[in-house]
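Welcome! Have a look at the model first, then try each task before reading on.

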Amino acid sequence: SFQLEVTGGTAEILQNFSTTLYTGNGSTQTITNGIDLANDGGLIWTKIRDQTGDHALMNSESSWLTELASNKTDAEGTTSYVNFVDNSNGYSMNTAAFRWNENTREYVSWTFKKEPSFFDVVTYTGTGVAGRTLSHSLGSVPGMVLIKPLTTGEWSVYHRGADNTSPEDYYLSLDT
């Protein structure tokens, strides 16, 4: 499964999160956003803006070689569209891809750096046991958690502000 956790305040957000708008060029392209993914790890969430298309999420826990679509229940898919080697100030795409870098298409990219008290990406093997505790490196209680099986399955979302008066209220579903 894939788990996304975010906590923190304004200072952490400015240092560890970036929103970037860019135009695809169908070739090698570098996105410079000040986020050191090469050394620190994290997640990139991209969406094409000028036509209908899936969201695409890639993360350092899967060595940047797979992607998930947050609007679908599909299994994690293999990709080779993004290259992070020797890039400590953003990320580089090494080819054209509809979800990332198609020529002349408009995109938005949200980049999250792994950082204590702000963001972490965790992979784990599920056991089917309810109430399981998962380790992370936040050093604080997560304010929001996204969980997705790497095989087919729904995206479950927990947020500390959700109404938790009954068991079915403990999570939301991102893909529906």
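Ser117 is partly exposed, at 30% relative accessible area. Keep in mind that the model you are exploring is a predicted one.

**Exercise 1.** Find where Ser117 lies and describe its phi angle.

*Solution.* Start with the place: Ser117 sits in the loop between S10 and strand S11 (119-123). Next, look at the backbone: phi of Ser117 is near 65°, a positive value in a residue other than glycine.

**Exercise 2.** Decide whether Thr104 is buried or exposed, and locate it.

*Solution.* Begin with the location, which is the loop between S9 and strand S10 (106-113). Then take the accessibility of Thr104, which is 54%. Exposed means over 50%, so Thr104 counts as exposed.

**Exercise 3.** Classify Ser92 as buried or exposed, and find its side-chain partner in a polar contact.

*Solution.* First, Ser92 belongs to strand S9. Its relative accessible area is 15%; buried means under 20%, so Ser92 is buried. Finally, the side chain of Ser92 makes a polar contact of 3.0 Å with that of Thr30.

**Exercise 4.** Which residues of the largest nonpolar core touch the most other members?

*Solution.* This core has 14 residues, and those touching the most other members are Tyr22, Leu37, Ile44, Tyr91, Met93 and Trp100. Now turn to the strands: S4 (42-48), S5 (55-59) and S9 (90-93) each supply at least two residues of this core. A second, separate core has 11 residues, including Trp45, Phe118, Leu146 and Trp155.

Terms used: Residues are numbered from 1 along each chain as its sequence is written. This is a predicted model: local features need pLDDT of at least 70, side-chain atom pairs count only at pLDDT 80 or more; totals for chains, interfaces and linings use all residues. Side-chain values use heavy atoms; hydrogens and water are left out. A nonpolar core is a set of buried Ala, Val, Leu, Ile, Met, Phe, Trp, Tyr and Cys residues joined through side-chain atoms within 4.5 Å. Buried means under 20% relative accessible area, exposed over 50%, partly exposed in between (1.4 Å probe, protein chains only). Helices (H or I, at least four residues) and strands (E, at least two) are DSSP runs, numbered from the N terminus. A polar contact is a pair of N or O atoms within 3.5 Å; within protein, one must be able to donate a hydrogen and the other to accept it, and residues adjacent in sequence count only if both atoms are side-chain atoms.
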